[in-house]
Amino acid sequence: MPRLRDIRTCATTSANGLSRQILAEMNVLVPGILVSYGELDVDIHSLQFPLLQQRAKDALARAIQRRGRTLRVNSGYRTCAQQFLLHRWRSLGICGIRAAANPGRSNHESGLGLDIEDHNGWKPFLRREGWRWLGDHDPVHFDFLGGGTPIGNVGVKAFQTLWNRNFPDQRIATDGVYGPQTAEKLGLSPSEGFNNEIASRRILRLMSPLMQGGDVRRVQIKLGDLGLFNNDVDGIFRETTRDAVIRFQETENLTADGIVGRNTFAKLDIE
């Protein structure tokens, strides 16, 4: 499994596995921090993340409705892992990267930025709804200025949290600051994501303090899909999650103890 610092594909989608884990952790830190705009009349590659902050999505929807045609998105949301790749490729002088901000500081990590096709045609419609054209030096890029919150630090903090969970003996500060330690650990991280995070090998149970994380969130989503969990998906293992686990275990003839261990994970079939 290649580490981020060894990737030379010139495609930020090479880090999608790790990026999905970061996004899941971001939604635990700040529930609903990003929403999908994939249901709008947009054309975006299936490997891209169609994510924006809610106000930006609403404004984008109005602009699309006013123009009445499909918006083609070249580049949408990027995680700090994907931004790490761009920044590294620029420093190595490869992939034709002319400029790349440090992770945590890119407009594309804000959930308020897009690169699109036909920028001149879309310019008046987007501007009317609070989007700013960046200018001739980056003509495809637009930023939403009609409201939103800086969230680049949340993505960095989500990665730091993931790293500490997977390497408790090599902990780093979870301060949302992209410094030398975080840069080093990002470079050492597997592009496909942490194995134990993907496999959810941590045993999940009701305890104090409450367990939380992307693995809990995935369990809640799966139980919700099965009609067993009707509460908010917040990534926190509360009594409601335990009770839903017990109901699932009963249907699968497992020990109904509300603890998500190896057998329960296997039956849930969570990647």
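Contact means heavy atoms within 4.5 Å. Helices (H or I, at least four residues) and strands (E, at least two) are DSSP runs numbered from the N terminus.

The model is predicted, with pLDDT of at least 70 required for local features and 80 or more for side-chain atom pairs, while totals for chains, interfaces and linings use all residues. Residues are numbered from 1 along each chain as its sequence is written, and side-chain values use heavy atoms, with hydrogens and water left out.

Two strands count as paired if DSSP finds at least two bridges between them. β4 (residues 71–75) and β5 (residues 113–116) pair in the antiparallel sense over 2 bridges. Ser75 has Asp115 of β5 as its bridge partner.

**Ends of α4, and another loop**

Asp118 sits in the loop between β5 and α4. Its phi is positive, about 55°, although Asp118 is not a glycine. Asp118 counts as partly exposed because its relative accessibility is 40%. After α4 comes Gly130, with a positive phi near 95°.

Asn253, in the loop between α9 (239–251) and α10 (262–268), is not a glycine either and has a positive phi of about 60°. At 73% relative accessibility, Asn253 counts as exposed.

**Pocket and cavity**

I searched on a 1 Å grid over the protein atoms alone: a cavity is a set of points where a 1.4 Å probe fits but cannot get out, a pocket is an open set with protein on both sides within 12 Å along at least five of seven lines, and lining residues have an atom within 4 Å of a point. Grid points are joined across faces, edges and corners, and a volume is the space filled by probe spheres set on the points.

The largest pocket has a volume of about 790 Å³. It is lined by 26 residues, and Arg78, Leu86, Ala99, Asp115 and Asp138 are the closest to its centre. Helix α3 (residues 80–92) gives the largest share of the lining, 3 residues. I sorted the lining into 10 nonpolar, 11 polar and 5 charged residues (Ala, Val, Leu, Ile, Met, Phe, Trp, Tyr, Cys and Pro count as nonpolar, Asp, Glu, Lys and Arg as charged, and the others, Gly among them, as polar).

The whole structure holds 1 cavity of 30 Å³ or more. The largest cavity has a volume of about 40 Å³, and its lining includes Thr12, Leu47, Tyr77 and Arg78.

**Helix α6**

In α6 (residues 180–188), I found Thr182, Lys185, Leu186 and Gly187 buried. The buried residues of α6 pack against α1 (16–29), α3 and α5 (152–166).

Key:
Buried < 20%, exposed > 50% of the residue type's maximum accessible area, 1.4 Å probe, protein only.
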